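Hello, and welcome to this structure. Here are some notes to read alongside the sequence and the 3D view.

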Amino acid sequence: MNRKKQLLLIIGGAALAGAYSALKGRGIFNQIRFKSQREAIERYLENRERRASHSNVEVSAHGWSCILTESDGSKFLLYISRCDGGYVFSEHNMRNP
């Protein structure tokens, strides 16, 4: 196989990987695909007493989810569901056994 065909295969593979990431909302595409959910999470975090950061948003069985990490290292699984045009949040502590 000559160099031109190899280069085309590499570029084609990279393009397919990028398209797959965009479709699944992974990496930098997470902010684009889940923009409204991420904005709702940011508003939710602003109104919490405790400060936390959140992971990428993932699709779950009945909505979306992400992991909240507080400044002391404790983690919570945050479930997000849509209800009447808004979002409902549910936190579950992820304690170490």
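Which side chain meets that of arginine 48 in a salt bridge?

1. Glutamate 70 is the partner, at 2.9 Å from N to O. A salt bridge here is a side-chain nitrogen of Lys or Arg within 4 Å of a carboxyl oxygen of Asp or Glu. Arginine 48 sits in the loop between α3 and β1 (52–54), and glutamate 70 in strand β3 (residues 63–70), so the pair ties together parts that are 22 residues apart in sequence. Helices (H or I, at least four residues) and strands (E, at least two) are DSSP runs, numbered from the N terminus.

2. A word on where the values come from. This is a predicted model, in which local features need pLDDT of at least 70 and side-chain atom pairs count only at pLDDT 80 or more, while totals for chains, interfaces and linings use all residues. Residues are numbered from 1 along each chain as its sequence is written, and side-chain values use heavy atoms, with hydrogens and water left out.

3. Are the two partners buried or exposed? Arginine 48 counts as buried at 10% relative accessibility, and glutamate 70 counts as buried at 9%. The cut-offs for relative accessible area are under 20% for buried, over 50% for exposed and in between for partly exposed (1.4 Å probe, protein chains only).

4. Arginine 48 has another partner: glutamate 91, with the closest N and O atoms 2.8 Å apart. This pair links distant parts of the chain, since glutamate 91 is in strand β5 (residues 86–93), 43 residues from arginine 48. Glutamate 91 is partly exposed, at 25%. Together, Arg48, Glu70 and Glu91 are linked in a network of salt bridges.

5. The structure holds three salt bridges, one of them between glutamate 39 and lysine 35, with 3.5 Å between the closest N and O atoms.

6. Now look along α3 itself. Its 12 residues reach 17 Å from first C-alpha to last, close to the expected 16 Å (1.5 Å times one less than the number of residues). The buried residues of α3 are Gln37, Arg38, Ala40, Ile41 and Leu45. They lie on the same side of α3 because they cover an arc of only 160° around the axis, taken from the directions from the helix axis to the C-beta atoms.

7. The largest nonpolar core has 12 residues, among them Ala40, Ile41, Leu45, Trp64 and Tyr87. Such a core is a set of buried Ala, Val, Leu, Ile, Met, Phe, Trp, Tyr and Cys residues joined through side-chain atoms within 4.5 Å. α3, β3 and β4 (75–83) each supply at least two of its residues.

8. Finally, the aromatic pairs: how many are there? The count is two, where rings of Phe, Tyr and Trp (its six-membered ring) pair if their centres lie within 6.5 Å, and planes under 30 degrees apart count as stacked, over 60 as edge-to-face and the rest as tilted. Tyrosine 44 and phenylalanine 89 are stacked, because their ring centres are 4.4 Å apart and their planes at 20°. Tyrosine 44 is in helix α3 and phenylalanine 89 in strand β5, 45 residues apart. Tryptophan 64 and tyrosine 87 are edge-to-face, at 5.9 Å centre to centre and 70° between the planes. Tryptophan 64 lies in strand β3 and tyrosine 87 in strand β5, 23 residues apart, and both are buried.
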